[in-house]
Amino acid sequence: MDKLIRDITSRYQPVSLDEMDSVKLLDRVETKFIFNLEKLPALLSLMEPGYRILEIAGNRIHAYDTLYFDTPGLNLYRLHYQGKLNRYKIRFRRYCDSELFFFEIKFKNNKGRTIKRRVKHPGFSKVIEGKAEKLMRECTPIDPASLVPVLETRYNRMTFVNHDLTERITLDTGLAFCNNGKEMAMARLC
């Protein structure tokens, strides 16, 4: 399957990070889907005429690691699960190919828009401090000291941009989750 996906994505025109700067979409509307990996080749073939693929140093599939924070009672997750608006996701993210780390805050407002704010960080941390704490205090009503690391995720991402540079699609494969030392891989999902 990996070879087939790489063969199909090799046919796409590339888009660079610099070109994608206009499509950062830090304020956006998101729709998410989960589907069986077996459907991915057909979807990629259908998308090809309308989209370009992000290419960095010759790579079109990029690895990401994320460490999510929540209260010990998982209050942020519960708001998400219940579909509440005006909710937050708090995380550290590692862009593995570039070895860049960011502390990120995603806010889903009551109009269904997702607003992301982030600051560079030297790496993952078990506590929110320094520039990360400052950003959190500026952007949320949440006390950073009330949050603890609760979930790690790893996946590979392909990023597609339409030819007008107004729309972005990300497709994640190789999903894996780790909590309290237990790992669950979802290799058959995209």
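I looked up Phe124 first. Its relative accessibility is 34%, so I log Phe124 as partly exposed. The model is predicted, so I read each entry as a computed value. Next came Phe101. At 14% relative accessibility, Phe101 counts as buried, because the cut-off for buried is under 20%.

**Aromatic pairs**

How many aromatic pairs does a search of the whole structure find? I got ten. I opened the pair of Tyr64 and Tyr155 and found the two rings stacked. Their centres are 5.4 Å apart, with 10° between the planes. Where do the two tyrosines lie? Tyr64 is in strand E4, residues 62-70, and Tyr155 is in strand E8, residues 148-162. The pair therefore ties together parts that are 91 residues apart in sequence. I checked burial for both: Tyr64 is buried, and Tyr155 is buried as well.

Then I went back to Phe101 and Phe124. These rings make an edge-to-face pair, 5.5 Å centre to centre and 85° between the planes. I traced where each one sits. Phe101 belongs to strand E6, residues 100-108. Phe124 is in the loop between strand E7 (113-121) and helix H5 (131-139). The two are 23 residues apart, and the pair links distant parts of the chain.

**Charges over rings**

Which ring does Arg118 lie over? I found Arg118 over the face of Phe102, at 3.9 Å from the ring centre. Tyr64 turned up again here. The charged end of Arg157 sits over the Tyr64 ring, 5.1 Å from its centre.

**Salt bridges**

Side chains of opposite charge can pair when their charged atoms come close. I looked for such pairs and noted 15 salt bridges in the structure.

I took Arg94 and Glu99 as one of them. Their side chains meet at 2.5 Å, N to O. Arg94 is partly exposed, with a relative accessible area of 22%. Glu99 is partly exposed too, at 41% relative accessibility.

Which residues does Arg137 bridge to? I logged Glu133, at 3.0 Å from N to O, and Asp143, with the closest N and O atoms 3.4 Å apart. Arg137 and Glu133 both lie in helix H5. They are four residues apart, about one turn of the helix. Arg137 is partly exposed at 47%. Glu133 is partly exposed at 26%. Asp143 is partly exposed at 37%.

Arg118 is the residue I had already logged over the face of Phe102.

**The whole chain**

The protein chain has five helices and ten strands. Its radius of gyration is 17 Å, close to the 16 Å that the globule rule gives for 190 residues, so the chain is as compact as a globular protein of that length. The C-alpha atoms fill a box of roughly 50 × 35 × 35 Å along the principal axes.

I asked what share of the 190 residues is buried, and got 39%. For contacts with a separation of 6 or more, residues 24 or more positions apart account for 62%.

Note on methods. Residues are numbered from 1 along each chain as its sequence is written. This is a predicted model: local features need pLDDT of at least 70, side-chain atom pairs count only at pLDDT 80 or more; totals for chains, interfaces and linings use all residues. Side-chain values use heavy atoms; hydrogens and water are left out. Rings of Phe, Tyr and Trp (its six-membered ring) pair if their centres lie within 6.5 Å; planes under 30 degrees apart count as stacked, over 60 as edge-to-face and the rest as tilted. Buried means under 20% relative accessible area, exposed over 50%, partly exposed in between (1.4 Å probe, protein chains only). A charge sits over a ring if NZ of Lys or CZ of Arg is within 6 Å of the ring centre and within 35 degrees of the ring normal. A salt bridge is a side-chain nitrogen of Lys or Arg within 4 Å of a carboxyl oxygen of Asp or Glu. The radius of gyration is taken over C-alpha atoms; the globule rule is 2.2 Å times the number of residues to the power 0.38. Contact means heavy atoms within 4.5 Å.
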